[in-house]
Amino acid sequence: MGADAKTAMKVDMTEAAAKRIAKIVSGQAGKTALRVSVEGGGCSGFSYKFDLVDTRNDDDVAIEKDGATVLIDDLSLVYMGGSVIDFVDDLMGQSFQIRNPNAVASCGCGTSFSI
């Protein structure tokens, strides 16, 4: 895999997301990471799923920052390569948002997209 392909498959998280993930995981006994996965469905074709987990699978890619760990499986990484996971706290509420350069359309809820 060339350097461009490795960069395209990289997912990052903002400092705000890392702080929020670390806080959430520390408050959940036995949980060690936030798993982000892509599933078929949602109002735009694909949707993101967020789960707190206590185990790492063999096909997981781990993104670590400021004491927070995000796990993404190989299949989901294909759809999420180049994305940035952020945590937003604004007038509309608090939520994790994924800025995905592969998405050509997304929905208002921010958890569904199409490519």
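Biologist: How many helices and strands does the chain have?
Modeller: Three helices and nine strands, where helices (H or I, at least four residues) and strands (E, at least two) are DSSP runs numbered from the N terminus. This is a predicted model, in which local features need pLDDT of at least 70, side-chain atom pairs count only at pLDDT 80 or more, and totals for chains, interfaces and linings use all residues. Residues are numbered from 1 along each chain as its sequence is written, and side-chain values use heavy atoms, with hydrogens and water left out.

Biologist: In what order do the elements run from the N terminus?
Modeller: The order is α-β-α-β-β-β-β-α-β-β-β-β.

Biologist: Which strands form the open sheet?
Modeller: Three strands, in the order E1-E6-E7, with mixed pairing. Two strands pair if DSSP finds at least two bridges between them. The edge strands are E1 (12–13) and E7 (93–99), each pairing on one side only.

Biologist: And what sense does each pairing have, parallel or antiparallel?
Modeller: E1 and E6 are parallel, over two bridges. Strand E6 (residues 84–90) and E7 are antiparallel, over seven bridges. E6 and E7 also make a hairpin with two residues between them.

Biologist: Which residue is the bridge partner of Asp-89?
Modeller: Gln-94, in E7.

Biologist: Which helix packs on the sheet?
Modeller: Helix H2 (residues 15–26), which touches E1, E6 and E7. The direction of H2 makes about 80° with that of E6; axes are lines fitted to C-alpha atoms, for helices over the stretch in contact, and angles run from 0 to 180 degrees between N-to-C directions.

Biologist: Switching to the core. How many residues does the largest nonpolar core have?
Modeller: It has 20 residues. A nonpolar core is a set of buried Ala, Val, Leu, Ile, Met, Phe, Trp, Tyr and Cys residues joined through side-chain atoms within 4.5 Å. Buried means under 20% relative accessible area, exposed over 50%, and partly exposed in between (1.4 Å probe, protein chains only). Among those with the most contacts inside this core are Met-13, Ile-21 and Ile-85.

Biologist: Which element gives the most to this core?
Modeller: H2, with four residues. Strand E2 (33–40), strand E5 (68–73), H3, E6 and E7 are also among the elements that each supply at least two.

Biologist: What does Met-13 stand opposite?
Modeller: Ile-85 in E6. Leaving aside neighbours within four places in sequence, the contacts of Met-13 (heavy atoms within 4.5 Å) include Ala-18, Ile-21, Val-70 and Ile-85.

Biologist: How many aromatic pairs does the structure hold?
Modeller: Three. Rings of Phe, Tyr and Trp (its six-membered ring) pair if their centres lie within 6.5 Å; planes under 30 degrees apart count as stacked, over 60 as edge-to-face and the rest as tilted.

Biologist: Why is the pair of Phe-46 and Tyr-79 called tilted?
Modeller: Because their planes are at 35°, with the ring centres 4.8 Å apart. Phe-46 lies in strand E3 (residues 46–53) and Tyr-79 in helix H3 (residues 74–80), so the pair ties together parts 33 residues apart in sequence.

Biologist: Where do Phe-50 and Phe-96 lie?
Modeller: Phe-50 is in strand E3 and Phe-96 in strand E7, 46 residues apart. Their pair is stacked, at 6.0 Å centre to centre and 25° between the planes. Phe-50, Phe-87 and Phe-96 form one aromatic cluster.

Biologist: Is Phe-96 buried or exposed?
Modeller: Buried, at 16% relative accessibility. Phe-50 is partly exposed, at 27%.
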